Amino acid sequence: MSFKRSLVRPDAELIVKDAAKELKAPARRLFGKRILSLGGLAMLSGCSITDDQSVNAMLRKMSRFNDDVQALLFDPNALAPTYPESMITRPFPFNAFYDIDEVPQVDPSGYKLTIGGLAKGKRVWTLDELHAMPQESQITRHICIEGWSAIGRWGGVRFAHVLAHAGADTSAKYVAFHCADNYSTSIDMPTALHAQTLLTLTYDGQILPPKYGFPMKLRMPTKLGYKNPKHIVAITVTNEYPGGYWENQGYNWFGGS
Ligand SMILES: Nc1nc2c(c(=O)[nH]1)N[C@H]1C(S)=C(S)[C@@H](COP(=O)(O)O)O[C@H]1N2
Ligand SMILES: [Mo]
């Protein structure tokens, strides 16, 4: 790849250096001092840095690179801490991109969960079918990027079991979620298959109340709060980057905790 220094935006080097500082420590280490030259970065990202547009394209690639490194460092066998019942936060906080009086009221009778995309097994699920599967429960800490955390108890089906019954292609890169309140998020496949990733139907032993995501919340103690979708109605297995409500507004896609 050729890299013509004369075509480079004069401030590109500074912009890229600032962006590199934003990378999380492990990504920075992998980046290394030697690659962190303009030519090296241009080569790595496959972008020339000739104008605003190409600088932006490179910044986007760097941020994706950050996600990729986090995904690489994710240990699929490491478990998030669990806690005793006495440590459950009461009352557990509610959070959404709207106020509590706007929580969607999902009607259980007509409700069906669909699993689409790269899946050739059971694609439509009723709540009864999900309740009939083996249930597990966990007491874990939910960490919200807005600066609070709380310990709660969720119960439900291991998401890996649901994906297996759905005939999901587990070599696919992403699992995307669409919710009844039009929220969306997406996760990497190793996290989807993680032993503590539960499609939860209960909170603290009771059917999940509307504010905590009735009829279901995907609960992942290995991920930040915004990656844990409530009121899920559709799941898509895909190789195309799906983004999400907060991710599209600049939150880190990997969102590990
Ligand atoms: N459908 C949906 N899921 C969502 C959200 C949302 O607004 N809508 N907010 C996310 C965020 S930022 C947080 S912190 C948790 C809050 O979950 P809780 O209300 O059970 O505490 O839900 C996550 N999942
Ligand atoms: Mo959050």
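Begin with the cysteines of this predicted model: if you display their sulfur atoms and look for pairs within 2.5 Å, the count of disulfides comes to 0.

Next, select ligand 1 together with its shell, in which 21 residues surround the ligand, the closest being P93, N95, D181, N228 and K230. Colouring this shell by residue class will show 12 nonpolar, 5 polar and 4 charged residues.

Now turn to the backbone around the ligand, where several polar atoms can be picked out one by one. At P93, a polar backbone atom lies 2.7 Å from an oxygen atom of ligand 1, and at F97 a polar backbone atom is found 3.0 Å from an oxygen atom of the ligand. Moving on to N228, you will find a polar backbone atom 2.8 Å from a nitrogen atom of ligand 1. Of the 530 Å² of accessible area that ligand 1 has on its own, the protein covers 99%.

Finally, hide the ligand and display the cavities: the space taken by ligand 1 is the largest cavity.

Definitions and conventions:
Residues are numbered from 1 along each chain as its sequence is written. Chains are lettered from A and ligands numbered from 1 in the order in which they are written. This is a predicted model: local features need pLDDT of at least 70, side-chain atom pairs count only at pLDDT 80 or more; totals for chains, interfaces and linings use all residues. Side-chain values use heavy atoms; hydrogens and water are left out. A residue is near a molecule or strand if one of its heavy atoms lies within 4 Å of it. A polar contact is a pair of N or O atoms within 3.5 Å; within protein, one must be able to donate a hydrogen and the other to accept it, and residues adjacent in sequence count only if both atoms are side-chain atoms. Accessible areas come from the Shrake-Rupley method with a 1.4 Å probe; for residues, only the protein chains shown count as cover. On a 1 Å grid over the protein atoms alone, a cavity is a set of points where a 1.4 Å probe fits but cannot get out, and a pocket is an open set with protein on both sides within 12 Å along at least five of seven lines; lining residues have an atom within 4 Å of a point. A molecule sits in a cavity or pocket if more than half of its atoms lie within 2 Å of its grid points. Ala, Val, Leu, Ile, Met, Phe, Trp, Tyr, Cys and Pro count as nonpolar, Asp, Glu, Lys and Arg as charged, and the others, Gly among them, as polar.
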